[in-house]
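This report describes selected local features of a single model.

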Amino acid sequence: MKKIAKLLVILLICIASVDLLWFFFPDYISRKYAIVLTIPAITICYFLYVEVKNIMYLLALTAFMVADYYFFIEKNLGIGIISSGVALSIYGVLVLKQSHYISTRKLLISTVPFLTLYMLPFVFFVDRIKDEIFGEVIFYTFAIAYFAFMSTMAFISKRTKVTKTLLLAGLSTAFMGVLFGAFLFVERKPMYSMFANLLFVYSHYKMWQYIIIKDASETVEEV
């Protein structure tokens, strides 16, 4: 099993390297195909790694692949954003479903401050979002915030190796969302796009680790 995890790390490093090379040599390197390989690589290694599959996790990965299809093949930004939002919402539900130890009181107390803090960067480019995709962007933004919030609350409620892995997945997704928004609606700096994609790769790898470790520990407890 460790060989599969190492294989995934190597694949993701190769994918991320293409993005780095594109940043320095944009006239010679095409990053389009490298970007869409992240989720398929994670999906394949997930199938190879586990016998009992987490259906909700697979639905989230499927939604991400649908998003990539609409982003890069159909060039439909609106549907791509919705698909990504659906996938991230499933991530958030997964965390909620698997984290029974999260205090309801802490959730209620922390929700408003966390969302306010996360939404601050969004305020700076809200006027630049086209009306045609405004609703989709709002949904996507709240989906990211929900996943990042649940990940943070899981770590605060129970500090373990598993929740630390989840926290890294949630926070890297949040920063990715901010950079992605800055690239789309503030200024199309290649640096924003590059770092957003590197965080995309990293966040999905940490979520893959979380699902693997969490599901394995729950299987042991049931036995």
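## Start and span of helix 5

At the start of helix 5, a side-chain oxygen of Asn76 comes to within 3.3 Å of the backbone nitrogen of Gly78. The model discussed here is predicted, and every distance below is computed from its atoms.

Helix 5 comprises residues 77–98, which is 22 residues.

Lys75 belongs to the loop that lies between helix 4 (55–72) and helix 5. Although Lys75 is not a glycine, its phi is positive, at about 55°. Most residues other than glycine have a negative phi. With a relative accessible area of 60%, Lys75 is exposed.

## Helix 4 and its N-terminal cap

Which residue caps the N-terminal end of helix 4? Asn54 does: a side-chain oxygen of Asn54 is 3.2 Å from the backbone nitrogen of Met56. Asn54 itself is found in the loop between helix 3 and helix 4. Its relative accessibility is 12%, and Asn54 therefore counts as buried, the cut-off being under 20%.

The 18 residues of helix 4 should span 26 Å at 1.5 Å a residue, and the end C-alpha atoms are 26 Å apart, which agrees. An α-helix has 3.6 residues a turn, so residues three or four places apart point the same way.

## Ile35 and Phe72

Ile35 is located in helix 2 (residues 32–35). Ile35 is buried, with a relative accessible area of 9%. Along the chain, Ile35 and Phe72 are 37 residues apart, while their C-alpha atoms are separated by 9.4 Å.

## Cysteines

How many disulfides does the structure hold? The number is zero. Cys14 takes part in no disulfide, and the nearest cysteine sulfur, that of Cys45, lies 12 Å away. A disulfide is a covalent bond between the sulfur atoms of two cysteines. The cut-off for such a pair is 2.5 Å, and the 12 Å between the sulfur of Cys45 and that of Cys14 is too far for a bond.

Cys14 is partly exposed, with a relative accessible area of 46%, whereas Cys45 is buried, with a relative accessible area of 1%.

## A nonpolar surface patch

Leu7, Leu11, Ile44 and Leu48 make up a nonpolar patch on the surface, and together they have about 340 Å² of accessible area. Helix 1 (2–24) and helix 3 (38–49) are the elements that each give two or more residues to this nonpolar patch.

Ile44 has its place in helix 3. The relative accessible area of Ile44 is 52%, so Ile44 is exposed, the cut-off being over 50%.

## Ser172 in helix 8

Ser172 lies in helix 8, which covers residues 161–185. Is Ser172 buried or exposed? Ser172 is buried, with a relative accessible area of 5%. The side chain of Ser172 reaches the backbone oxygen of Leu168 at a distance of 2.6 Å.

Methods
Residues are numbered from 1 along each chain as its sequence is written. This is a predicted model: local features need pLDDT of at least 70, side-chain atom pairs count only at pLDDT 80 or more; totals for chains, interfaces and linings use all residues. Side-chain values use heavy atoms; hydrogens and water are left out. Patches are made of residues with over 30% relative accessible area and no salt bridge: like charges are joined within 9 Å, nonpolar side chains (Val, Leu, Ile, Met, Phe, Trp, Tyr) within 5 Å. Accessible areas come from the Shrake-Rupley method with a 1.4 Å probe; for residues, only the protein chains shown count as cover. A salt bridge is a side-chain nitrogen of Lys or Arg within 4 Å of a carboxyl oxygen of Asp or Glu. Helices (H or I, at least four residues) and strands (E, at least two) are DSSP runs, numbered from the N terminus. Buried means under 20% relative accessible area, exposed over 50%, partly exposed in between (1.4 Å probe, protein chains only). The expected span of a helix is 1.5 Å times one less than its number of residues. A polar contact is a pair of N or O atoms within 3.5 Å; within protein, one must be able to donate a hydrogen and the other to accept it, and residues adjacent in sequence count only if both atoms are side-chain atoms.
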